[in-house]
Amino acid sequence: MKRILVFALAAMLLAGCSKHSKVKLLDGNNFTTEVNGKPVSLYTLDNGDLMMQVTNYGGRVVSLWTPDRKKKYADVVLGYENIDRYINNEGERFLGAAVGRYANRIGGGRFVLDSVEYQLAKNDNGNTLHGGEYGIDRIVWDVNSVNDTAIVLHTVLADGLDGFPGNLDITMTYALTKNNEFVVTYKATTDAPTVCNLSHHSFFNLKGEGNGSILNHELMINGKFYTAINSALIPSGNFRAVKDTPMDFTVAKTIGKDINSDHPQMQFANGYDFNWVLSKPIDQFGLAATVYEPTTGRKMEVLTDQPGLQFYSGNFFDGKTTGKYGKTLNNRESFALETQKFPDSPNQERFPSTVLRPGDEYTHTCVYRFSVVK
């Protein structure tokens, strides 16, 4: 415990100073509080090239500084400058957060497991989104350990929370590697049959937070099929080919090229908010997507061992709130790439199972790898 407190103090002292020129880290004092009697802090990770700040409230990535082709740093994730804005749920709820116990949507807020129907908290037009009213984004995670480049977080979701069965024991690690990777790993076990699908929900803009549209970002998604949705954004259960549709990112194209298409699926989502079926063996680690921003040269690759990738183009930002540097957070000025199993899998027999049983372990690795194109 003493070791953790020393590391936490060091992390807070680092906030506001940096060996990287023009990197303005957030003040850790603005994140020091208690929620439901549990301490909340801000932690700074630094691998020499990337710098990241994380709070244990919701396991949120608050800032992530990366260089461009001119070695100029920018913070490429959206966030807030103090903990109160997260706690008070100002604007977008899921900025930088871990999401679960079931990431993405469950249709009708219900599912049947072992002949028992479970009714969940509905928080998205009659559906359950990212775990419901609480989820792992609204809890204080315990900090098991922290050092210069990694933080290990732990929590136990109580049986019945948001309507889900089973006590779910989760350990999550954020690490910055020498290869300029931000690596997220999850492990989870349960004491009763349940469903589990965890993910990470940073909103990215490779120009930097608040620095304009993401429509010129060039995106490639390693998937030839996607899970079609209905008007409530719930999968129909059908896999549809991306060929000759706006969902075709098999060859890199700008996000903006087809975003205003009159394709019925695009009208349902008001842009991109779909799950792609990744073109790799279901449990094999591999490339999910690449994103390139031509004006800065920043490139981000996403790799995972999960079967799906949700691409969301920031369609519901309304410009009514600001980010941590005072700039307005506008429509389609950020994107999320969430590695996961498929949405509504508990209600879809054709989809990969998300059932977790006692004695089994849920594992998940997601890598965001950063580089620069000269």
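Leu42 has its bridge partner in strand E4: Thr55. Strands here are DSSP runs of E, at least two residues long, and helices are runs of H or I, at least four, numbered from the N terminus. Keep in mind that this is a predicted model, where local features need pLDDT of at least 70, side-chain atom pairs count only at pLDDT 80 or more, and totals for chains, interfaces and linings use all residues. Residues are numbered from 1 along each chain as its sequence is written, and side-chain values use heavy atoms, with hydrogens and water left out.

Back to the strands. E3 and E4, residues 51-55, run antiparallel and are joined by five bridges. Two strands pair if DSSP finds at least two bridges between them. The open sheet has four strands, in the order E3-E4-E5-E6, with antiparallel pairing. Its edges are E3 (42-46) and E6 (73-75), each pairing on one side only.

Next, Gly256. Where is Gly256 placed? In the loop between strand E21 (253-254) and helix H3 (264-269). Now take Thr304, 48 residues from Gly256 along the chain. The C-alpha atoms of Gly256 and Thr304 are separated by 25 Å.

That is the tour: a four-stranded open sheet, then a loop glycine, Gly256.
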